[in-house]
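Biologist: I want to know what stands behind the labels. Take me through them one by one.

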Amino acid sequence: MFLGHYAVALAAKRAAPRTSLGTLVFAAQLLDLMWPVLLLTGTERVRVVPGLMEASALDFEHYPWSHSLLMVVVWALLVGGVYYVLERYPRGAWVVGALVLSHWLLDAPFHRPDLPLWPGSETMVGGGLWNDAALTIALELGLLAAGAAFYAKGTRALDRIGSWGLWIGVGVLVLFYLGSFTSTPASEQALAIGALTLWVFVPWAWWIDRHRAGRPNFLRGG
């Protein structure tokens, strides 16, 4: 799962209208933002195996700190708690924490059985949807389209940046995603370095959100 994480972040704006889209994207993608850093430090491991699955060539050998269910719950509580301390916005804190947890829940149907329940767990979870590339792409694009439409409908552009920036960013995400099917990383290190570019979408989301405002019925109860 890749685009789906951005989809739930976009859709979550309705649940926490006072929370920046940048924060929502950060929370939804936190696990994949940490993961390349942990790869580069040798804390976690992955192998690039061409043909492993139709929609993924990645053999996740060891990633308990970023992707085990127990640690994801810990990260969710930590990030949600820090957000509450900084913003004093309970609804936003719950949504931010839920988005962190949503990453694991969305990943589980797509991965091979390689998602650990806790560090050291021998029980691995994964539904294997990545074995069907066509279905994977359809689900990813469908989720992103729904999330972007939900966000666009619930907010209004304040200027051209707010209008065009949203859809340009969504287009870049789609190109980034589809590009992963056209080439295989040359090495695990190249994969990790390339994955660091995901950080760019956090300030993009913050920037776009600054140029959009919630509609009156969208903000009700916020």
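Modeller: Start with burial: buried means under 20% relative accessible area, exposed means over 50%, and partly exposed lies in between, with a 1.4 Å probe and protein chains only. Helices (H or I, at least four residues) and strands (E, at least two) are DSSP runs, numbered from the N terminus. The model is predicted: local features need pLDDT of at least 70, side-chain atom pairs count only at pLDDT 80 or more, and totals for chains, interfaces and linings use all residues. Residues are numbered from 1 along each chain as its sequence is written, and side-chain values use heavy atoms, with hydrogens and water left out.

Biologist: Which residues of α2 are buried?

Modeller: They are Leu21, Gly22, Leu24, Val25, Ala27 and Ala28.

Biologist: What makes α2 largely enclosed?

Modeller: Six of its eight residues are buried, so the rest of the structure largely encloses α2. The buried residues of α2 pack against α1, α3 (30–40), α6 (90–107), α7 (133–154) and α10. Contact here means heavy atoms within 4.5 Å.

Biologist: Which residue caps the N-terminal end of α2?

Modeller: Ser20 does, with a side-chain oxygen 3.0 Å from the backbone nitrogen of Gly22.

Biologist: Why is Thr19 called buried?

Modeller: Its relative accessible area is 0%, so the label is buried. Thr19 is in the loop between α1 and α2. Its contacts, leaving out residues up to four places away in sequence, include Lys13, Tyr83 and Asp209.

Biologist: Lys13 and Asp209 again. Why is that pair called a salt bridge?

Modeller: The term needs a side-chain nitrogen of Lys or Arg within 4 Å of a carboxyl oxygen of Asp or Glu. In Lys13 and Asp209 the closest N and O atoms are 2.8 Å apart, so the pair qualifies. Lys13 lies in the loop between α1 (3–12) and α2 (21–28) and Asp209 in helix α10 (residues 201–210), so the bridge ties together parts 196 residues apart in sequence. Lys13 is buried, at 7%. Asp209 is buried too, at 12%.

Biologist: How many salt bridges does the whole structure hold?

Modeller: A search finds five. One of them joins Arg45 and Glu61, with the closest N and O atoms 3.7 Å apart. Arg45 is in strand β1 (residues 45–53) and Glu61 in strand β2 (residues 56–62), 16 residues apart. Another joins Asp59 and Arg47, at 2.8 Å from N to O. Asp59 sits in β2 and Arg47 in β1, 12 residues apart.

Biologist: Asp59 and Arg47: buried or partly exposed?

Modeller: Asp59 comes out at 13% relative accessibility, which counts as buried. Arg47 comes out at 40%, which counts as partly exposed. Salt bridges with shared partners join Arg45, Arg47, Asp59, Glu61 and Arg112 into one network.

Biologist: How do you know that β1 and β2 pair?

Modeller: Two strands pair if DSSP finds at least two bridges between them. Five bridges join β1 to β2, so they pair. The strands run antiparallel. They form a hairpin with two residues between them. In β2, the bridge partner of Val48 is Leu58.

Biologist: Why is the pair of Phe26 and Trp199 called tilted?

Modeller: Rings of Phe, Tyr and Trp (its six-membered ring) pair if their centres lie within 6.5 Å; planes under 30 degrees apart count as stacked, over 60 as edge-to-face and the rest as tilted. The structure holds 10 aromatic pairs. In this one the ring centres are 6.1 Å apart and the planes stand at 50°, so the pair is tilted. Phe26 is in helix α2 and Trp199 in the loop between α9 (188–195) and α10, 173 residues apart. Phe26 is partly exposed at 25%, and Trp199 is partly exposed at 38%.

Biologist: What makes Phe176 and Phe201 edge-to-face?

Modeller: Their planes are 85° apart and their centres 6.1 Å apart, so they fall in the edge-to-face class. Phe176 is in helix α8 (residues 160–179) and Phe201 in helix α10.

Key
Polar contact = N/O pair within 3.5 Å; in protein donor to acceptor, adjacent residues only side chain to side chain.
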